[in-house]
Amino acid sequence: MSARAFRRHLVSRLMTGVVVLFSFVAVLALVLILGNLLLKGATSINWDFFTKNPVPAGQTGGGVANAIVGTGIIVALAALIGVPIGVGAGMYLAEYGGGRFGFLVRFVADVLNGTPSIVIGIVGWTFIVRPTGHFSALAGSVSLAILMIPMLARTTEEMVRLVPNSLREAALALGYARWRTSLKVVARTALGGIVTGCLVGIARIAGETAPLLFTALGNLNFSLSVNHPMQTLSLQIYVYGTGPFEEWHRLAWASALVLMGLVLIISLAARWVTRQRYGSIR
Amino acid sequence: MTTLPIEPVSRPSQPRWQVLLGVDRSDRIYRQILTLFALALPALMLVLLGVLFVSALPALKRYGPSFLWTSTWDPVKDVYGAAPMVFGTLASSFLALLLAVPLALSVAIFLTEFSPRWLRQPVAFLVELLAAIPSVVYGVWGIFVLIPFLRSSVVPPLKSVLGWLPLFKGVFYGNSLLAGGIILAIMIVPYIAAVSREVLLAVPVSQREAALAMGATRWEAVRSAVLPYGRAGLIGAIILGLGRALGETMAVTMLIGNRHDIGVSLFAPAYTMAAAIANEFSEATTSLYLSALFEVGLILFVVTVVVNAIARWLIWRVARGTAVGSRAL
């Protein structure tokens, strides 16, 4: 082997090594974060954590039952608002989105996907909190729904586009109207993918904090009313993590672990749904 | 064979040719309903812009463009200038890009070019997981793990070797530009990696084969055939990451120190636009204060829209039409 060829192969090996090393570092960061979360979170979780409400600052004990329930309510309400609109827009993009308007909607969806969530939070505040005069879980849900819609529109479109055209043609050839074909054949075939998209969207908004700061606000007490401030795990983590008490830090780690577990379970469920439906395609 | 049993399937009020063409009234209604849903997105965009603009109007009128380069932010005297936050936002984002880009591109290149097949799925999954971690969780990790680590093992050696640089002068505050930048870097790695991976997957195999057939080593094939082909998309992916970094709120708010200062040192606390809104919005007592914060929001919104639009345009040039990166969300 000539010296030149030797050098070229050496560079190739070297760069491969660098790429592998950097990839390793990136994955290591994740392992570190998850490891810390498990270690510090798991030691702080006990039964009270899930069943009790927070105790006054400075005291030990207490839990985050209110935050867990609050997260469920706010996210469910957000999904209720966001899923129909997002999926509907996605169906439009897949079925009729070939023209100029479709292009515009697609572009806007992509751009909105990158909008800072805090900005959506202050818009939610302007629309609901300011006119009604009080913070509310509903305002939080609406903000999260706004965050969710562009995401769902794009994933739904992507999933529906995977449906083979021959299925659509077959249904039309049998005399089905287009809307029937679209709903009963196309959407039904893509259902698994659409559900996956929704679950991924829900997982993402479940961890959001910034849009809730000025809408749902947080609440130290147990509350089921969507017209009043409500606590979520994410808000709780923010308050406890930045607070001065040792006990709060413990609860922050535990809440972070629970929130992460929640997000993880939803994400895994999403993957599982896709696998059930598509097998090896995706 | 006699006539086919084609009977009008819909209302007889429609001419038969419309029925045969499949132009059904119910179809029109279906399409209109879907169009309505689709309209929600552009409408949302306009509403966001409108609300921010109207709420920011008092501050816009009062300060004009000088808002951007005035560095006094004094709620007591009701004087507002956003220069420190603009600086902090840009500085932390660029620091994050500096750290994240090599890592993220490595992950993408590794996954598409070098990785053994069995390793691809698990690594891709792990990186996707990184994107699923909520921002506050990064914040908590940053406060209790990253900052103590920086204080004990990163800052002292940095100071002893590079302490003469103004970048590394001064006392390490813990909550600082450095901590904020590092956490941002960790957070945007998965986005850049996921999009870059999809861009590299869109590079035709023939590109690689051609390079290898001409005697290129594996790295040379990547460098001379794969990366240039996907260049626009890769730049798009990086800009997308920049967009994320600019608007990221919680983790940065918890780590950057939240001080209205423009300092050269990475060890000093700083501020970002998103963090300022998160911290001060509920304390805004005067209408001008509130309006100034809305103007900060407006600037943030417009900047991220522009950044994202550029990124999407670049990515679409390589991987046309696909919702690249949407799966990483």
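Start with the two domains of chain A: their centres, taken over C-alpha atoms, are 33 Å apart. To colour them, select 3–43 for domain 1 and 49–278 for domain 2; these bounds come from an automatic or database domain assignment. You're looking at a predicted model, where local features need pLDDT of at least 70, side-chain atom pairs count only at pLDDT 80 or more, and totals for chains, interfaces and linings use all residues. Residues are numbered from 1 along each chain as its sequence is written, and chains are lettered from A and ligands numbered from 1 in the order in which they are written.

Where the domains of chain A touch, five residues of domain 1 are in contact with five of domain 2 (contact: C-beta atoms, placed from the backbone, within 7 Å). On the domain 1 side, three are nonpolar, one is polar and one is charged (nonpolar is Ala, Val, Leu, Ile, Met, Phe, Trp, Tyr, Cys and Pro; charged is Asp, Glu, Lys and Arg; the others, Gly among them, are polar).

Next, bring up chain B. Its contact with chain A involves 76 residues of chain B and 80 of chain A. Now pick helix α2 (residues 25–63) of chain B, which supplies the largest share of chain B's side, 17 residues (helices are DSSP runs of H or I, at least four residues, numbered from the N terminus). That whole side has 53 nonpolar, 16 polar and seven charged residues.

Last stop: select R8(A), V11(A), S12(A), M15(A) and T16(A) in α1(A), which meet R218(B), W219(B) and E220(B) in α8(B).

Terms used: Two residues are in contact if their C-beta atoms, placed from the backbone, lie within 7 Å. Helices (H or I, at least four residues) and strands (E, at least two) are DSSP runs, numbered from the N terminus.
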